[in-house]
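Let's take a walk through a protein model together, one piece at a time. Keep the picture in view and try to find each part as it comes up.

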Amino acid sequence: MLGKQLHKALWMGFTVTMMMGQIVFLGGPVEAGKVVMVLSHDKGPYQEVRAPIVKVLGEDLEEIILSKNHNIASSKVLGLIPEKTDLVIAMGKKAVGLAKNIHLDIPVYYSLVYDQVHFKKRGASGILVGIKIEQQIKLLRELFPERNRIGVIFNPGLTGSLVNHVRKIGGSHQFQLMAVPVGSRDEIQTACRRFTSNAVDLLLLVADPTVIHPASLKIIADYTRKNKIPLVGLSRFHVKSGAMLAFTVDFGDVGRQVIEIIQSGNVTASESRIIPPRKIDILVNEVLKKEMGIDDMREVLGVVYIQ
């Protein structure tokens, strides 16, 4: 159930209550519980997503941040009851994992994860922050019409099927893929050497924990910078850490999407719906681009140059 500020700012004169696990518009003032937002962390993209949510929900939102005191925070989340909690918004992998175990009658919406999460005992819906490979490859072809060889480093046990998909989609856009497998971060340096002698002219990061670990990313970024190969990352963090460009969602807009979904009054504890992010930015490190002498990148809609 929701307080006066939320009634005024969010529901525009309507009131909301829970009926069979669904938020339903009734009309007329009632007292209500809170929306609880569980965050794995509170920095970087988390701040960007939470800002519009906090702005609208205000005092009707309770935040639980797992990174600050995980044991106490986890106990608090697992102790939530539907009589006092209208909705849980889970942000990040750890928060989503914890949300799998909350009371089955509390609706769950989640985000800040790349792929759909399957809840065995309940429904849960979310907005993913991963950008489909089809979109990434299409954008790469628009940005680099003259480049045809993409390199990927991956751990077969973690992202083998994903890389096979990259190969298939890349082929439909006239890209050849050179995929180099690794079993651990210790093999990253050797993997980079496989791309020497002009074997590739783009290097694409995939959401592989072995490869996008900060230590691995530094090795890959140093290699691509030295060899003047555009490194394509997955986030603003990757661009700041040495990637020349990245395809990323607008995290602030993800927060606005969450609010709009709550406003729709159509969040249930039994349904599972996945909504893609609606805004994609192409972040480019302009300084690094000039330093590497990359002059064949086309201008396309959505490019944001950062220093």
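A residue counts as exposed when its relative accessible area is over 50%, as buried when that area is under 20%, and as partly exposed in between. With that in hand, look at K218: its relative accessibility is 52%, so K218 counts as exposed. Please keep in mind that what you see is a predicted model.

K218 has a partner. Its side chain meets that of D222 in a salt bridge, with 3.0 Å from N to O. Both sit in helix α9 (residues 214-226), where being four residues apart separates them by about one helical turn. D222 is partly exposed, with a relative accessible area of 41%.

Now turn to the sheets. Strands of a sheet pair through backbone hydrogen bonds, either parallel or antiparallel. Five bridges link β3 (residues 34-39) with β4 in the parallel sense, and V38 stands opposite I64 in β4.

R50 pairs with E63, and their closest N and O atoms are 2.6 Å apart. Because R50 lies in helix α2 and E63 in strand β4, the pair ties together parts that are 13 residues apart in sequence. R50 is buried at 19% relative accessible area, while E63 is partly exposed at 30%.

The other sheet to find is an open one of seven strands, in the order β9-β8-β10-β11-β12-β14-β15, with mixed pairing. Its edges are β9 (176-181) and β15 (303-306); each has a single partner strand, so one side of each is left without a neighbour in the sheet. Neighbouring strands here are turned by 25 degrees against each other on average, direction ignored. Strand β8 (residues 149-154) runs parallel to β9, joined to it by six bridges, and R149 has Q176 in β9 as its bridge partner. Helix α6 (residues 156-172) lies across β8, β9 and β10, running at about 175 degrees to β9.

Where does β12 sit, enclosed or open? Five of the five residues of β12 are buried, so this strand is largely enclosed by the rest of the structure. In a regular strand the side chains alternate between the two faces of the sheet. In β12, L245, F247 and V249 point one way, and A246 and T248 point the other way. With β11, β12 runs parallel over two bridges, one partner pair being V232 and L245. With β14, the pairing is antiparallel over five bridges, and A246 has L283 as its bridge partner there.

Our last stop is another salt bridge, one of 14 in the structure. The side chains of K279 and D250 meet at 3.4 Å, N to O. K279 lies in the loop between β13 and β14 and D250 in the loop between β12 and α11 (251-263), so the pair ties together parts that are 29 residues apart in sequence. K279 is partly exposed at 38% relative accessible area, whereas D250 is buried at 17%.

Note on methods
Residues are numbered from 1 along each chain as its sequence is written. This is a predicted model: local features need pLDDT of at least 70, side-chain atom pairs count only at pLDDT 80 or more; totals for chains, interfaces and linings use all residues. Side-chain values use heavy atoms; hydrogens and water are left out. Two strands pair if DSSP finds at least two bridges between them. Axes are lines fitted to C-alpha atoms, for helices over the stretch in contact, and angles run from 0 to 180 degrees between N-to-C directions. Contact means heavy atoms within 4.5 Å. Buried means under 20% relative accessible area, exposed over 50%, partly exposed in between (1.4 Å probe, protein chains only). A salt bridge is a side-chain nitrogen of Lys or Arg within 4 Å of a carboxyl oxygen of Asp or Glu.
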